[in-house]
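Here's a quick tour of a few backbone details worth a look in the viewer. We'll start with a strand pair, then move on to a helix and a loop.

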Amino acid sequence: MKKLFSERYGYTKPSDVIIREQITPEIQNAICSCFDNFDEILRHNAGNGRYIPYDDCRREYIEMERYLWRYFLNKREGDYNRYDEVLTRFLMGASIWYRKLDLLEMSIKYLRHNEITKYMVNVFVSNLNSEFERLHFAYRIINDEIVEINSAEEVQSIETALKEAPSNIRTHLSRALELYAQRPNGDFSNSIKESISAVEAYCREKTGANDLGDALKNLEKKGLVIPVVLKQAFEKLYAYTNQPTTGIRHALMDATGTYTPQAEEAMFMLVSCSTFINYLNRKVQ
């Protein structure tokens, strides 16, 4: 028997797509790979602009591991072994997910404040953030701090819409989520299209209007009062999705001179449209 879509792509709900409060084996491996590749950054002195012998760089990296051994793991100094690979062994171990992020953050700050390695941290952090984005990890390293970029409230908003909206609207939202999470690269333009189509379908179903602008006006005629600024905001979002330069409603004619929506726009639209549908759902009841 062939696997269903959710089984093929490894998710069934938004909280599985937007990974937060856990570290999956894939994310764990990606973090360890970035540490593996940091040796190459040290070797080539990436972003340094001045020559530092590799042995000096490597020595400082080992000193960082010694520091973590003593002050993060609180282990005895005399038990430290430079060949133990403190970082990757801890990251690959069974420790709770946020302790692994604590270790990662402490490592970055140590390297940043070290006179030799501080020039090389930017490339390392950029590699980590790229992997986090690729794997839909809900965290980024900003100013050497690990911060959450997708809140629990955003995830909850999508899940509520998927649970409570009529089936045809859920179909659009589910498809928007699938396209966002598509591997190896998300189809963000069409994800946005499905998100706004969910709002459009909801409003058209309630009013019988032909497009979202008319539908919003007709909702008001039926006694559903929407604040003017909020209504204008969604009319502008709808206009954005209809711009020929985004490739959302129209195929891009040219690979240059146009802006292709990225993950950030797709997630913003998915959250915004889900929230608006939840809002309308409560107003209609």
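## The hairpin

Arg140 stands opposite Val147 in β2. That strand pairs with β1 in the antiparallel sense, over four bridges. Strands here are DSSP E runs of at least two residues, and helices are H or I runs of at least four, all numbered from the N terminus; two strands count as paired if DSSP finds at least two bridges between them.

Together β1 and β2 make a hairpin with two residues between them. Asn143 sits in that loop, between β1 (139–142) and β2 (145–148), and has a positive phi of about 55° despite not being a glycine. At 71% relative accessibility, Asn143 is exposed (exposed is over 50% relative accessible area, buried under 20%, partly exposed in between, with a 1.4 Å probe and protein chains only).

## About the model

This is a predicted model: local features need pLDDT of at least 70 and side-chain atom pairs pLDDT 80 or more, while totals for chains, interfaces and linings use all residues. Residues are numbered from 1 along each chain as its sequence is written, and side-chain values use heavy atoms, leaving out hydrogens and water.

## Helix α10

Just after α10, Gly208 takes a positive phi of about 80°.

## Another asparagine

Asn74 lies in the loop between α4 (54–71) and α5 (86–91). Its phi is near 55°, positive in a non-glycine residue, and Asn74 is exposed at 61% relative accessible area.
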